[in-house]
Amino acid sequence: MTVCALPASPHADQIAAHLQLQRQAFLSEGPVSAAVRKDRLIRCVELLKHNSGRICEVISDDFGARHPVSTLMMDVQAPIAALKYAIKHVDQWMKPQRRSGLFPFNLFGARAELRYQPKGVVGIAGTWNGPLFMVFAPLAGVFAAGNRVMAKPSDLSPRTSEWLVEAVSQYFDPLEFSVVTGGLDVAQSFTRQAFDHLVFTGSTGVARQIMRDAAEHLVPLTLELGGKSPTIVGRSADLDLVVEKIAMGRAQNGGQICVMPDTVYLPRERVEEFVSKFRTLWLAMFPTVSGNPDITSVVSDRHLQRLNAKIEEARLAGARIETLGQVDALATDRRCPLHLVINPPAQTSIAREEIFGPAMVVVTYDDIHEVLDKINSYERPLALYYFGRDRQEQEHVLGNTLSGGVCVNDVMLHVGLNDVPFGGVGASGMGVYNGPEGFAQFSHLRGVYHAGWWDPRRKLGLLPPYSNKLLQLLQNTVKRS
Ligand code: NAD
């Protein structure tokens, strides 16, 4: 079937033609059985499982350096868990649901149901920070829902993308699952296609353009975006636990994860204790920086320059910078120490924009209500974290903020919940994947009405010419409603 595989860096017309072929294959296929869906999901699992060694190599090449433990956790095991969860539950999810009938027709055998039908061909545009997670985690719901897929990995993951094209062609017919590779021009052509649904993972700024482009064909969107995930440390929090949990999160992927704790709000009197404990624990995990295989590199020189510029801007504006570790003068890699940027002025870019790298802002507070006011005045974050043993305060924080997801006394672990939808709200995104809600997102929820054995409308005098009696009956019914 290689005749219909896509070339590298295809033109918009070639992507459109391939999408047409996939849609035609979808239509010819008819209803997609549970067996077919599970087979596709199983082949994804096999693809990841049997190629895990090579996956670690190509992703590390794309980053400059990334430990195989990071890749196995994030880009192999996490998507496998999501795919297996879908395999286990797809029979249940697919079942039509009986819904309440319509009175008085239900008295004569009429009934209603909800059917989950596949939408058709779904496009998935991913990012570089978890290049396979960003394709295969949504794919679990996309395939479970019976769709076909065209994926476009990030142009910043060229080796992974090249490998993925080859691997997918070994496990899938190109009309079931195809991979599109290329630079920004291809990404733009891809996201402008008339997909039956598009999943875009990326920044809020680019998502605005994606949404404008999707409007052309009214393509439904799932937008998985980012933002400044705030971490609120209450006065009742155990600081050892706070430091350990935040450090464990921050240790992942060089800080390049969408739900990374970005800004920590700390009671003013506890800042020195926090910095000292954080430094000790961080340096125990990462005693060296340059050449340390446990540290994931910043993905490109451009990203590194942008990060350094943000930190320098904050320093010049009066923020205190604590650098946890040292880069060797002769270092040739892009591994970085973690920078704690304490109380940067509000106008600095590090205080306003998502960091997405090895730096974390620390903001001190006197009154936690001011923290909530501040968070609520910003765009809605993808994740929010609260630490503390005060149940009342915890409920207050949960009830008076809104974010895509939340962890209480932990960070980031909610992303691993396969049974709970994952997604943003407001500027951090729309739509979800994972769990039954993810399955529903990639299905069309089709209402079906089955007529009963008798239609009472003629007998009840409900048909024209309308009588005064019917008019009065309806007027009385409205009054009594
Ligand atoms: P980005 O928005 O710069 O780019 C995302 C992708 O969009 C890239 O592949 C890029 O080539 C493409 N692109 C850029 N301009 C485009 C356009 N006009 N039309 C079509 N495609 C275009 O983001 P990034 O730097 O790749 O990733 C980092 C961002 O992604 C962060 O904001 C992070 O929080 C977010 N993210 C979110 C999640 C999530 O699940 N919510 C996961 C990972 C990353």
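I take helices as DSSP runs of H or I with at least four residues, numbered from the N terminus. The model I am reading is predicted.

Entry 1, glutamate 46. I looked up where this residue sits and found glutamate 46 in helix 2, which spans residues 34-50. Its relative accessible area is 27%, so I noted glutamate 46 as partly exposed.

I found a nonpolar patch on the surface made of Leu398, Val406 and Val408. Together they have about 180 Å² of accessible area. Leucine 398 belongs to helix 14, residues 391-399. I recorded leucine 398 as partly exposed because its relative accessibility is 32%.

Entry 3, ligand shell. I counted 27 residues around the ligand, and the closest are Asp155, Ser203, Leu225, Gly226 and Glu354. By class, I have 13 nonpolar, eleven polar and three charged residues in the shell. Helix 7 (184-191), strand 6 (197-201) and helix 8 (204-215) each supply at least two shell residues. Helix 7 gives the largest share, four residues.

I listed oxygen atoms of the ligand against polar protein atoms. A polar side-chain atom of serine 203 is 2.6 Å from a ligand oxygen. For glutamate 354, a polar side-chain atom also lies 2.6 Å from an oxygen atom of the ligand. At glycine 202 a polar backbone atom is involved, 3.3 Å from a ligand oxygen. On its own the ligand has 850 Å² of accessible area, and the protein covers 87% of that.

Technical notes. Residues numbered from 1 in each chain as written. Predicted model: local features only at pLDDT ≥ 70, side-chain atom pairs only at ≥ 80, totals over all residues. Heavy atoms only, no water. Buried < 20%, exposed > 50% of the residue type's maximum accessible area, 1.4 Å probe, protein only. Patch = residues over 30% accessible without salt bridge, like charges linked within 9 Å, V, L, I, M, F, W, Y side chains within 5 Å. Areas by Shrake-Rupley, 256 points an atom, 1.4 Å probe, with all protein chains shown as cover. Salt bridge = Lys/Arg side-chain N within 4 Å of Asp/Glu carboxyl O. Near = heavy atom within 4 Å. Polar contact = N/O pair within 3.5 Å; in protein donor to acceptor, adjacent residues only side chain to side chain. Nonpolar A, V, L, I, M, F, W, Y, C, P; charged D, E, K, R; others polar.
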